[in-house]
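Reader: I am new to this structure and would like to learn how to read it. Could you walk me through it?

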Amino acid sequence: MKKGHRALVGACAALATLAFAGTALATYAPKLVVSSTGGAGLGGPTRIGVVVGTSDDPTARTTIYVPTGYTVATPSPGTDLGKVTATASAADLGGAVLPLTGELDAIAPNPTTQAQAQACGVTPTQTWDLHLSAAGQTLDIPLFVVAPLAPETALGFVDKLVVCLPPPDVPVNTPGRAVFGAKLLSATFTSSAITQPTNPGDYRWTSLFTPYVPTKGQPNAAGSVEVQSLRHLPAKVTLGVTRRRVVTHRTVKVRGKKVKKAVVSTAVSFRTAVTENGQPAGSATVTVTARGKKVGTTKGSFTMTGVKSATLTATAAIDAGSSVPTGTPTSPADLFFHDLGPSGCVPTPLFQGLPCTDATQGGETARVSVVVRAYTK
Amino acid sequence: MKRLAAIALALFALHAAPALAISKQSGTQTMADGTSIAYDLYEPDGAAPPGGWPGVLLLHGLGGSKDDLAALGAALASKGYAALAYSARGEGTSTGNLGLAGPDEISDERAMEQWLAGLPEVSDTQIGAWGVSYGGGQIWNGLVAGIPYKAVCVVATWTDLYTALWPQDIARSGIVAGFAKAVVARSPLIAANATAAIQSTAPATIKALVAPRSSYTKLSSVTAPVYLFQGRVDWAFDVTQAENGFLRVRGPKHLYIGQFGHPPSTFTTPDMAYVQSQSVAWFDHYLKGAPNGIDKTKPVTIAAATGSKRTSFAALPKTKVVPVGFRGTTLRRTGASFLQPAETFGVSLLKVQVRKVSHYPRLVATVLAGGKPVTHGAIVPKVGLDTIRLANYVQYIPKKTRLQVVFGPSSAAPDIAYLGFGDSGSISLGPADLQLQVLTKPVSG
């Protein structure tokens with residue numbers, strides 16, 4: 001539990017001990033991560049991730065607000081919008097974390113999704129389906145695209161993505177209980193229907209997460225929190241290179257006689273800079289390679305001898321300190337992020353004082369290559 | 001699991017043209033403790049031969065029932081056997097609680113064997129048994145408990161449940177969870193131990209629980225002819241489980257390592273027809289006394305990874321060790337390219353230097369080739385040089401393939417044998433060396 005929450009609960013305890021008994025011990029610290037799959041530039045599909053702690057209360061509902069600058073298309077039902085990975089802690093499987101994989105599909109509404117939308121309290125403009133499977137079991141979670149209300153539009157949001165989840169921690173055989181008693185811990189999905197802005201800028205995504213009251217199967221509206229994810233576009237790495245002709249001499253024997261021979265090589269120095277929307281990146285790890293071998297990080301030097309040229313490539317992992325869990329060991333394909341914590345979260349007036357508990361910056365990989373010609377004589 | 005087993009057994013019917021008209025009779029038998037065991041008895045029509053029909057008990061997989069064995073029962077009856085399929089206690093319409101192939105199940109198995117042998121049209125002595133997975137384990141346990149089977153066929157099963165599902169004290173949690181989920185509603189024993197079993201939090205308790213449910217230490221007492229069928233790649237029961245049975249029993253024995261099995265394999269592979277024909281031939285020889293020559297064939301056969309090629313050996317095939325180094329400190333590493341094709345067979349060892357470990361209850365290693373899991377293993381990591389014994393799967397590795405090893409708290413996608421539990425510890429690793437056990441000559445490719 002965050003320090004601020006503890007204080008709040010403590011202050012209220014004298015007045016409402018019993019009323020808060022269910023939530024006083026609860027914790028809820030979700031994260032939202034937004035990035036892209038199209039490299040670090042502008043445009044391209046959007047990749048969205050959510051993370052909930054293993055010991056957090058189960059999530060009842062998530063509403064993600066898409067900021068102005070992004071566009072949400074209306075794909076035909078049946079369109080595969082992108083890949084999905086997710087993890088869920090399955091109470092019925094001894095608490096094992098199930099890695100789920102699948103795809104996000106645009107689907108036509110059907111009686112099941114319509115009933116789910118009604119239970120979720122939304123009137124969707126589009127219905128998408130997080131179609132997941134693990135070990136031969138499939139799981140379909142509807143994701144509703146919902147038009148923003150006037151106050152939401154006024155605050156600069158163009159659409160909302162809403163997901164409602166069944167309660168996992170109610171007794172087995174309770175109608176509507178989550179399959180396997182599975183509590184969602186993380187999800188990452190790509191949607192080709194949500195396109196990144198084409199103009200440079202700073203974009204703040206926000207979201208509202210509502211947990212369940214533990215073991216009750218009732219959404220705990222008072223426990224809702226706002227979490228955000230920032231995008232500073234575009235993210236770029238630049239590579240500055242200088243080269244210098246170096247001549248050394250070595251002595252060789254020609255027909256038994258010692259002869260001094262000039263050897264020409266090229267000393268290469270390089271320096272990189274990583275920016276997000278023109279400002280230095282808050283967090284980046286740079287690797288520079290030449291002819292496939294690592295020659296340095298943010299800056300460095302090396303010598304070229306006996307070659308005509310070399311391709312120097314700088315790869316910057318930007319805001320990539322953490323990753324959205326997939327249930328399997330971290331891989332380069334994961335969705336990475338830099339956690340800004342509560343201090344990065346700017347409360348949205350829309351949520352009327354609900355705690356703004358976390359913000360992230362979505363990770364990107366930026367790359368630039370330069371061909372360096374060598375001095376040969 | 002249950003559905004797959006049913007499909008697999010249905011294949012028997014497809015490949016078994018009825019030679020004799022048959023009848024099916026269903027009923028229940030009441031055990032000594034009052035448990036009602038539901039059965040289906042499949043018998044050939046007409047008069048039994050002198051001495052009666054040879055009999056075969058059929059035992060289903062976990063979470064299944066006698067109904068899964070209908071096609072096999074009918075096929076065997078059409079070949080002149082009295083085939084008795086029954087639902088284990090706590091399964092199907094049988095009453096009682098599932099005790100995980102424990103003393104109660106063995107008592108039931110003995111009672112059903114005696115009941116079958118006591119039928120007037122059935123032989124008093126020529127009784128065999130065929131079981132898959134859970135059923136196979138019960139047959140092994142019945143054999144070492146002295147049930148006088150004259151021949152058995154055991155398919156995709158265990159001889160040592162602990163080393164199969166909790167090797168090096170770490171559960172193959174994805175597999176254990178799947179098994180537990182299948183039967184927990186009717187097994188107080190499983191319900192009481194499932195979480196500890198899945199999370200590997202009480203290895204001594206689990207070891208004590210499953211030891212009496214494993215035949216391994218008593219296999220040298222087995223003299224009945226045993227045909228072992230095991231999957232090349234079976235994340236529940238690897239080849240070692242069958243190898244141990246094959247090496248330790250003292251009677252006639254055959255081992256077929258085929259394409260079927262628990263996940264990631266299935267029980268719908270084409271070579272299930274071969275399993276059927278070999279099973280029938282085994283029973284024909286050892287229950288009916290048919291001189292069909294199966295006792296003279298090479299006892300070990302390995303199917304190729306795909307297709308119908310099979311290679312037979314006079315004993316377990318020879319292997320060699322191929323060393324593969326994984327330098328670096330990262331959790332995901334790639335080794336050198338294979339100059340020649342290879343096919344794994346045996347227990348490979350992965351030695352890894354653990355430099356620091358903090359709140360990291362399990363270190364899982366997944367070996368992949370071309371993104372496909374080859375094998376895996378796990379340990380409770382300790383600082384120093386740790387050795388991970390990797391599961392014994394028969395996997396073909398084509399020439400020029402690079403092996404990759406991935407370390408973590410769970411197995412690497414798409415492998416789900418070792419699921420994690422959301423632990424948040426840390427580990428620091430040094431170099432790792434894989435000693436890969438491979439056949440001296442691949443049987444696939």
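This is a predicted model: local features need pLDDT of at least 70, side-chain atom pairs count only at pLDDT 80 or more; totals for chains, interfaces and linings use all residues.

Reader: Where should I begin with chain B, and how many helices and strands does chain B have?

Author: Begin by counting the elements: chain B contains ten helices and 20 strands. Then look at the extent of the chain. Along the principal axes, the C-alpha trace of chain B spans about 75 × 45 × 35 Å.

Reader: What radius of gyration does chain B have, and what would a compact globule have?

Author: The idea is to compare the chain with a rule for its length. A compact globule of 445 residues would have a radius of gyration near 22 Å, and chain B has 22 Å, so the two agree.

Reader: What share of the contacts in chain B join residues at least 24 apart?

Author: Take the contacts between residues at least 6 apart in sequence; in chain B, 73% of these join residues at least 24 apart.

Reader: Now the strands, please. How do strands of a sheet pair?

Author: Strands of a sheet pair through backbone hydrogen bonds, and the pairing is either parallel or antiparallel. For a case here, find strand S1 (residues 22–30) of chain B, which runs antiparallel to strand S2 (residues 36–44) of chain B and is joined to it by nine bridges. Within this pair, B:Lys24 stands opposite B:Tyr42. S1(B) and S2(B) form a hairpin with five residues between them, and B:Gly34 in the turn has a positive phi of about 95°.

Reader: Which strands make up the open sheet of four strands, and in what order?

Author: In chain B the order is S11-S20-S14-S17, with antiparallel pairing. Strands S11 (319–326) and S17 (384–389) of chain B stand at the edges; each has a single partner strand, so one side of each is left without a neighbour in the sheet. From one strand to the next, the twist averages 25°. Inside this sheet, eight bridges join S14 (residues 349–358) to S20 (residues 426–439) of chain B, and B:Val354 has B:Leu429 in S20(B) as its bridge partner.

Reader: Finally, how many residues of chain A are in contact with chain B?

Author: On chain A there are 18, and they contact 25 residues of chain B. Strand S6 (residues 96–107) of chain A gives the largest share of the chain A side, four residues. By class, that side has nine nonpolar, eight polar and one charged residues.

Terms used
Residues are numbered from 1 along each chain as its sequence is written. Chains are lettered from A and ligands numbered from 1 in the order in which they are written. Helices (H or I, at least four residues) and strands (E, at least two) are DSSP runs, numbered from the N terminus. The radius of gyration is taken over C-alpha atoms; the globule rule is 2.2 Å times the number of residues to the power 0.38. Two residues are in contact if their C-beta atoms, placed from the backbone, lie within 7 Å. Ala, Val, Leu, Ile, Met, Phe, Trp, Tyr, Cys and Pro count as nonpolar, Asp, Glu, Lys and Arg as charged, and the others, Gly among them, as polar. Two strands pair if DSSP finds at least two bridges between them. Axes are lines fitted to C-alpha atoms, for helices over the stretch in contact, and angles run from 0 to 180 degrees between N-to-C directions.
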